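Here is a friendly walk through one protein model. Have a look at the sequence and the fold first, then read on.

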Amino acid sequence: MKLGRLNHVGIATPSIAASVAYYREVMGAETIGEAFDMPSQGVRVCFVDAPNFQVELIEPLGESSPIHGFLAKSPAGGQHHMCYEVPDILEAKAWFEGKGARVLGEPRIGAHGTPIFFVHPKDMNGVLTEIMETPKVGVGH
């Protein structure tokens, strides 16, 4: 397994609308996708394009959302995870598990429409890490 391209940095936020305004007005972002709900993961998501990666804004959908707990500790929001691409999700999962890393759940479809999984931050130098299969051209948000 080889470290792939940084796809996005996940930012937890109490308000996607306020965060979009920040990225547009302060950071000069020009391409911002439409926010959409992912009820299966308990989040609302919006992607902000940067020249070489995306910022994924993540807002909780209710108190059962995994982001709700993060925002309880950091009410203003902040960096939630880093996401790297890999060519084969199952090969990457086996590689991380072979290294003794704790993979959090089975691969599932993420916000880009490709398989993903997360690796526990204690096994990733303190950073919650998302591993995603590289999207095929023309697929995803």
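This is a predicted model: local features need pLDDT of at least 70, side-chain atom pairs count only at pLDDT 80 or more; totals for chains, interfaces and linings use all residues.

Residues are numbered from 1 along each chain as its sequence is written, and side-chain values use heavy atoms, with hydrogens and water left out.

**The sheet**

Let's start with the strands. Helices (H or I, at least four residues) and strands (E, at least two) are DSSP runs, numbered from the N terminus. Eight strands build an open sheet with mixed pairing, and their order is E2-E3-E4-E1-E5-E8-E7-E6. Strand E2 (36–38) and strand E6 (103–109) sit at the edges with a single partner strand each, so one side of each has no neighbour in the sheet. From one strand to the next, the twist averages 25 degrees. Two strands count as paired if DSSP finds at least two bridges between them. As a general point, strands of a sheet pair through backbone hydrogen bonds, either parallel or antiparallel.

Both kinds of pairing meet at E4. On one side, strand E3 (residues 43–49) pairs with strand E4 (residues 54–60) in the antiparallel sense, over seven bridges, and the two form a hairpin with four residues between them. Within that pair, Val45 stands opposite Ile58, and Val43 stands opposite Pro60. E1 runs parallel to E4 and is joined to it by five bridges; here Gly10 stands opposite Glu56.

How many of the residues of E4 are buried? Seven of the seven are, so E4 is largely enclosed by the rest of the structure. Buried means under 20% relative accessible area, exposed means over 50%, and partly exposed is in between (1.4 Å probe, protein chains only). Gln54, Glu56, Ile58 and Pro60 point one way from the strand, while Val55, Leu57 and Glu59 point the other way.

**The helices**

Helix H1 (residues 16–25) lies across strand E1 (6–12), E3 and E4, and runs at about 155 degrees to E4.

Now for helix H3 (residues 89–98), where Ile89, Ala92, Lys93 and Phe96 are buried. Viewed down the axis of H3, the buried residues fall within an arc of 100 degrees, so they line one face of the helix; the arc is that of the directions from the helix axis to the C-beta atoms. They pack against strand E5 (78–86), E6, strand E7 (115–119) and strand E8 (129–133), where contact means heavy atoms within 4.5 Å. On the face turned away from the buried side, H3 carries the exposed residues Leu90 and Gly98.

What caps the N-terminal end of H3? Asp88 does, with a side-chain oxygen 3.0 Å from the backbone nitrogen of Leu90. After H3 comes Gly100, with a positive phi near 85 degrees.

**Salt bridges**

A salt bridge here is a side-chain nitrogen of Lys or Arg within 4 Å of a carboxyl oxygen of Asp or Glu.

| Pair | Closest N and O atoms |
|---|---|
| Glu85 and Arg5 | 3.0 Å |
| Arg44 and Asp37 | 2.5 Å |
| Glu97 and Lys93 | 2.8 Å |

The bridge between Glu85 and Arg5 links distant parts of the chain: Glu85 is in strand E5 and Arg5 in the segment before E1, 80 residues apart. Glu85 is buried at 7% relative accessibility, whereas Arg5 is partly exposed at 45%. In the second pair, Arg44 is partly exposed at 27%, and Asp37 is partly exposed at 41%.

Glu97 and Lys93 both lie in H3, four residues apart, about one turn of the helix. Glu97 is partly exposed at 40% relative accessibility, while Lys93 is buried at 11%. Lys93, Glu97 and Glu106 are linked in a network of salt bridges.

**A loop residue to look at**

Most residues other than glycine have a negative phi. Asn125 is not a glycine, yet its phi is positive, about 60 degrees. Asn125 lies in the loop between E7 and E8 and is exposed, at 81% relative accessibility.

Note on methods
Axes are lines fitted to C-alpha atoms, for helices over the stretch in contact, and angles run from 0 to 180 degrees between N-to-C directions. A polar contact is a pair of N or O atoms within 3.5 Å; within protein, one must be able to donate a hydrogen and the other to accept it, and residues adjacent in sequence count only if both atoms are side-chain atoms.
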